Amino acid sequence: MSVPWGKRADMVVHECDPYNAEPPPAVLAEAAVTPVEAFYVRNHGPVPEVDPATWALDVDGLVDTPLRLGLTDLRERFDVVTVTSTLQCAGNRRAGLAGVRDVPGEDLWGPGATSTARWTGVRLGDVLDRAGVADGARHVVLEAPDVSDLADPPQAYAGSVPLEVARAGDVLLAWAMNDEALPAVHGAPVRVVVPGYVGARSVKWVRRVGVRAEPCDGFFQARSYRLLPADADPDGAGPGDGLPLGPVGVGSAVLDPQDGAEVTAGPLTVRGYALTGRDRSVARVDVSADGGASWHAARLAADGGPGLWRLWECDVEVAAGTHEILARAWDSAATLQPERPEPLWNPKGYVNHSWPRITVHAT
Ligand SMILES: Nc1nc2c(c(=O)[nH]1)N[C@H]1C(S)=C(S)[C@@H](COP(=O)(O)O)O[C@H]1N2
Ligand SMILES: [Mo]
């Protein structure tokens with residue numbers, strides 16, 4: 001069987017159609033910039049075929065001058081910039097919430113629905129400035145052509161971000177990923193990248209940027225990707241129920257060793273990532289190898305700025321026997337990620353930022 005979309009053969013595939021897959025945790029830990037072949041994929045419908053030669057981006061709504069821009073217009077009429085940033089799906093680590101209570105109808109993602117790339121393109125803010133944002137504008141709606149049967153009624157994918165986020169210098173319309181042409185499965189010819197925001201707003205195959213007074217009223221903004229109260233019926237949720245998901249909360253994951261691994265007794269290096277929202281950065285990570293009785297400060301990779309994960313590692317000692325390894329991260333707002341998954345449980349299984357816990361058996 002050939003491997004779809006040029007991905008690694010060992011991807012953990014949650015769904016084949018639409019393709020949804022994450023890399024094995026230890027693979028993610030290997031590189032600060034995730035190779036394209038390992039980068040997670042989250043699709044809500046079939047990958048659309050978009051011809052780059054005829055593709056155009058419409059910029060309209062509350063603007064002084066509506067624009068229609070082709071790929072050449074973007075490349076030639078705007079500054080081209082490269083930003084390294086992390087995407088994290090709101091469903092990342094949902095498996096940990098399903099351990100608290102069933103999350104019916106949703107894929108049980110591990111910690112691999114988080115990946116980092118070097119994105120090249122133009123600033124969405126520069127394009128908005130060219131169009132001229134009119135009075136009353138508050139939100140920027142991002143529309144794509146891929147139609148999802150999961151939506152009620154079935155509809156094209158769309159989302160929105162507040163205007164001030166869309167105007168930030170690190171929010172891109174990107175056509176390259178790790179210095180290669182953006183692959184079809186990641187949104188070619190052009191996608192949006194919103195660092196430090198739930199991945200759902202980084203709209204792939206973008207074809208319209210609509211400047212509006214209100215957020216997007218489509219299914220994936222108004223009814224899905226919202227944090228519902230634990231007792232809500234997700235199928236009965238109306239437009240605007242719950243809290244819209246936007247900035248990423250502080251969180252971390254253990255990537256290596258893997259949960260349940262057999263390890264050699266003695267020194268053990270534990271590795272993982274930590275990430276937080278777009279106005280913050282990761283400040284500290286602690287690791288425990290005795291179920292939380294004692295903690296050690298992890299070595300953090302350099303702080304590359306907001307919206308970029310920090311990989312970390314920590315050397316611990318494990319005697320022969322079974323051990324519970326935990327991690328906990330703080331961000332620059334001195335916020336500690338939440339300890340337990342129980343109070344975080346929500347009907348769609350979003351944003352599980354509880355302390356990662358794995359078990360290892362040392363011999
Ligand atoms: N057009 C479109 N954009 C989309 C999606 C989608 O299904 N269609 N999925 C979103 C979600 S939920 C996430 S987490 C990211 C995943 O980006 P990736 O597949 O490049 O990793 O894309 C977002 N953009
Ligand atoms: Mo997502």
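1. Asp58 counts as buried, because its relative accessibility is 15% (buried means under 20% relative accessible area, exposed over 50%, partly exposed in between, with a 1.4 Å probe and protein chains only). Asp58 belongs to strand E3, residues 56-61 (helices, H or I, of at least four residues and strands, E, of at least two are DSSP runs, numbered from the N terminus). Its side chain makes a polar contact of 2.9 Å with the side chain of Arg68. A polar contact here is a pair of N or O atoms within 3.5 Å; within protein, one must be able to donate a hydrogen and the other to accept it, and residues adjacent in sequence count only if both atoms are side-chain atoms.

2. A word on the basis, before you read on. This is a predicted model, in which local features need pLDDT of at least 70 and side-chain atom pairs count only at pLDDT 80 or more, while totals for chains, interfaces and linings use all residues. Residues are numbered from 1 along each chain as its sequence is written, chains are lettered from A and ligands numbered from 1 in the order in which they are written, and side-chain values use heavy atoms, with hydrogens and water left out.

3. Thr120 sits in strand E6, residues 114-123, and counts as buried because its relative accessibility is 11%. The side chains of Thr120 and Thr82 are joined by a polar contact of 2.8 Å.

4. Now to ligand 1. It is surrounded by 20 residues, and the closest are Tyr40, Asp146, His186, Arg191 and Lys204 (a residue is near a molecule or strand if one of its heavy atoms lies within 4 Å of it). The shell is made up of eleven nonpolar, five polar and four charged residues. In that count Ala, Val, Leu, Ile, Met, Phe, Trp, Tyr, Cys and Pro are nonpolar, Asp, Glu, Lys and Arg charged, and the others, Gly among them, polar.

5. Arg191 has a polar side-chain atom 2.6 Å from an oxygen atom of ligand 1, and for Lys204 a polar side-chain atom also lies 2.6 Å from an oxygen atom of the ligand. From Ser202, a backbone N or O atom lies 3.0 Å from a nitrogen atom of ligand 1. Taken alone, ligand 1 exposes 540 Å², and the protein buries 100% of that (areas by the Shrake-Rupley method with a 1.4 Å probe; for residues, only the protein chains shown count as cover).

6. Please look at the backbone of Trp205 too. Its phi is positive, about 50°, although Trp205 is not a glycine. Trp205 lies in the loop between E11 and strand E12 (208-212), and is buried because its relative accessibility is 3%. Val351 is another residue other than glycine with a positive phi, near 40°. Val351 lies in the loop between strand E22 (321-331) and strand E23 (357-362), and is partly exposed, with a relative accessible area of 22%.

7. Two cis peptide bonds deserve a look. One joins Asp17 and Pro18, with omega about 0°, and Pro18 is in the loop between strand E1 (12-16) and strand E2 (19-22). Another joins Ala188 and Pro189, with omega about 5°, and Pro189 is in the loop between strand E10 (180-181) and strand E11 (191-193).

8. Finally, Leu255 in strand E15, residues 251-256, is buried, with a relative accessible area of 0%.
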